[in-house]
Amino acid sequence: MDELLYVIPANSSKEEVLKYVSEHPEIKFVSLVGIDMAGNDTDEKIPMRIFVKDIDDFYAGSAVQTDGSSVVLTGIATLNNAKVDMPIDPTVNWFVDYNYEHYDESLGKPVGTLRIPAFLVHEGKRVDSRAVLADTLEYVKKNMLDLLHANPQISGLDLDGSQVEDISFTSATELEFWVKTPLDEASIEEMEASQVMQEQYWERTHGAVRTALEGCVLELDRYGLNVEMGHKEVGGLKAQIDESGKIAHVCEQIEVDWRFDNALQAADNEILVRTVVKEIFRANGLEVSFKAKPMIGLAGNGEHTHIGMAAVTKDGKFHNLFAPAEAKKDFMSAVGYGAIMGMLKNYEVINPFVSATNDSLNRLKPGFEAPVCIVTSLGHSPEVPSRNRTILAGLIRDLENPMATRFELRACNPYTNTYLVLAAIYSACLDGIQMAVKHTTVELLKELSKNAGEEGFYLEKDRAYRSEEDVFEDYTDEERDRLFGAPPATVWENMQNFEAYPEKKAVITAGGALRDQIIDAFRAGALLRWKTELVARIIPENRDIVRKAREIESDWVTDQDAYNWNKIAILRNYLAKDSIDEKSLFTLLINALNEKDYATASGLQVEMYDKMEELKALYDSYSKNML
């Protein structure tokens with residue numbers, strides 16, 4: 001497929017674009033890709049002839065409109081005011097999406113669609129996730145330039161700030177996903193044992209999984225993503241071989257990593273990767289799930305998000321702003337300290353963008369290498385870099401490569417809206433950097449390492465923010481909550497942080513792009529999906545589990561069996577059985593949601609999860625003892 005066109009490079013002129021598409025008649029459609037508040041991307045099939053004829057209108061945003069009430073722009077585009085314009089973005093790469101199931105016979109090539117990133121404009125204002133990130137980065141860049149020019153000598157930074165003329169924001173994400181044979185259901189218990197015994201991580205892939213993974217790596221390289229690795233992840237089972245000798249009953253977890261890019265391009269790349277992975281695995285007869293926690297009890301799907309920042313000086317050189325001048329003396333520069341402290345201090349209002357669904361919060365549980373509290377790790381000493389995989393956001397550094405210095409946020413999942421997360425993170429980083437440039441690295445290390453209860457000049461008194469311990473094993477639940485803050489248990493609790501922390505919300509809205517209108521739209525959409533999923537999916541699924549937990553007939557029933565069944569029967573009734581005088585937990589939860597009593601509903605959701613886990617454990621013990 002070397003003769004196919006996969007990328008039209010960023011900042012290509014209109015003339016260059018027209019030349020590209022004229023030389024590749026297999027590209028028959030154009031699709032404008034706008035990103036709503038939930039991170040969904042739009043997709044259409046516009047004949048190429050229309051794009052060529054009206055290319056100026058496409059750039060101006062007058063060629064294509066969409067019904068904004070049909071995408072997640074809650075409270076912005078309404079049924080009686082739904083018109084949304086879609087101006088295209090020429091500053092990033094445009095990718096060609098090929099349909100390998102639809103060939104142009106005359107050309108002998110698959111039919112392609114040129115997917116062009118776009119903005120969503122309602123009543124003259126950009127209201128989409130891409131625009132929020134793009135505009136936020138411009139705001140942070142301007143403030144960083146002013147800050148460096150006003151403070152040319154910053155502690156721990158080997159750089160003359162007066163010589164800086166540009167700021168580069170570098171980001172990357174890592175994609176984890178579960179892959180399985182369609183319609184097959186694997187044993188959760190068996191996979192949990194495999195996970196505990198560490199049988200699968202970096203295990204050799206076989207058959208269709210190997211073919212699909214290799215296909216993804218090769219295809220993504222054609223798009224210029226510079227894939228660094230594709231490998232088996234922690235979860236899964238060894239596949240079986242059917243009667244024909246083919247690999248069957250697949251259920252494995254895979255990870256794909258690719259090279260960093262500028263923040264906006266990195267977010268666009270993530271959407272491309274998800275699309276390519278899903279299509280190639282499907283072509284090999286396999287299903288892919290990007291859900292954060294597709295199977296309760298097993299490792300979830302993370303998408304660790306890397307955050308970096310560099311300065312470009314007048315001589316054209318790049319300088320990592322987080323890296324220290326002396327790598328064996330300091331963990332990082334004052335700018336780096338400020339960035340991580342800004343992220344941690346304001347994380348309560350970043351977290352709603354990171355975890356906006358029931359599924360995402362199901363993943364963030366102790367014991368699965370997913371973070372549960374707001375804490376960082378720097379390493380035990382500057383001389384020997386290390387990585388603590390139990391914390392929220394960690395420092396990654398390489399003594400031989402200062403440009404690799406960055407932070408890894410471990411809480412994101414494949415459906416996290418990366419555009420909004422990066423916008424909130426870089427805004428929070430700026431807040432911390434503005435403080436840090438006035439301090440030495442010694443002072444900043446002490447501040448970041450302070451104990452809970454110790455007064456600081458930036459971080460909150462009653463919290464600790466750094467730990468080099470295993471936060472899952474070395475602290476009790478009570479200690480974690482006291483030292484690092486109690487994590488939200490439900491979507492409602494997480495969204496309430498916007499109201500609970502107005503001073504932190506002011507930090508991420510300071511640039512004007514992530515404004516109240518955008519946050520309110522994001523929050524309203526997240527709560528609507530939270531409520532709808534509980535009523536239409538989660539509660540009905542739990543009701544089915546309750547129904548299936550039936551008494552088992554047996555000729556030999558022991559006192560243990562009778563005891564277990566009595567507890568199960570009480571739980572079943574409490575969860576799902578209404579009477580005239582008393583309503584079940586399911587009914588109380590549904591009523592609270594319908595009445596918009598979300599605080600009560602949130603508490604009932606937590607109770608429902610606890611009771612369901614108790615029921616499943618009891619019934620498992622009961623059924624195993626029945627002969």
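Here are a few questions and answers about helices and loops in this predicted model.

Q: How do H18 and H20 run relative to each other, roughly parallel or roughly antiparallel?
A: Let's start with the angle: helix H18 (residues 559–576) and helix H20 (residues 598–624) pack at about 150 degrees, with their axes 10 Å apart. Angles over 145 degrees count as roughly antiparallel. So H18 and H20 are roughly antiparallel.

Q: How many residues of the contact of H18 with H20 are nonpolar?
A: On the H18 side you'll find, among them, Trp565, Ile568 and Leu571, and on the H20 side residues including Met612, Leu615 and Leu618. Charged residues join in too, including Asp561 of H18 and Lys611 of H20. The contact divides into two polar, six charged and, for the nonpolar ones, 10.

Q: How many of the 21 residues of H7 are buried?
A: Helix H7 covers residues 263–283 and reaches 31 Å from its first C-alpha to its last, close to the 30 Å expected. To count as buried, a residue needs under 20% relative accessible area. H7 is mostly covered, and its buried residues number 16.

Q: Is Lys596 buried or exposed?
A: Look in the loop between helix H19 (585–594) and H20 for Lys596. Its relative accessibility is 60%, and the cut-off is over 50%, so Lys596 counts as exposed.

Methods:
Residues are numbered from 1 along each chain as its sequence is written. This is a predicted model: local features need pLDDT of at least 70, side-chain atom pairs count only at pLDDT 80 or more; totals for chains, interfaces and linings use all residues. Side-chain values use heavy atoms; hydrogens and water are left out. Helices (H or I, at least four residues) and strands (E, at least two) are DSSP runs, numbered from the N terminus. The expected span of a helix is 1.5 Å times one less than its number of residues. Buried means under 20% relative accessible area, exposed over 50%, partly exposed in between (1.4 Å probe, protein chains only). Axes are lines fitted to C-alpha atoms, for helices over the stretch in contact, and angles run from 0 to 180 degrees between N-to-C directions. Angles under 35 degrees count as roughly parallel, over 145 as roughly antiparallel, 65 to 115 as roughly perpendicular and the rest as oblique. Contact means heavy atoms within 4.5 Å.
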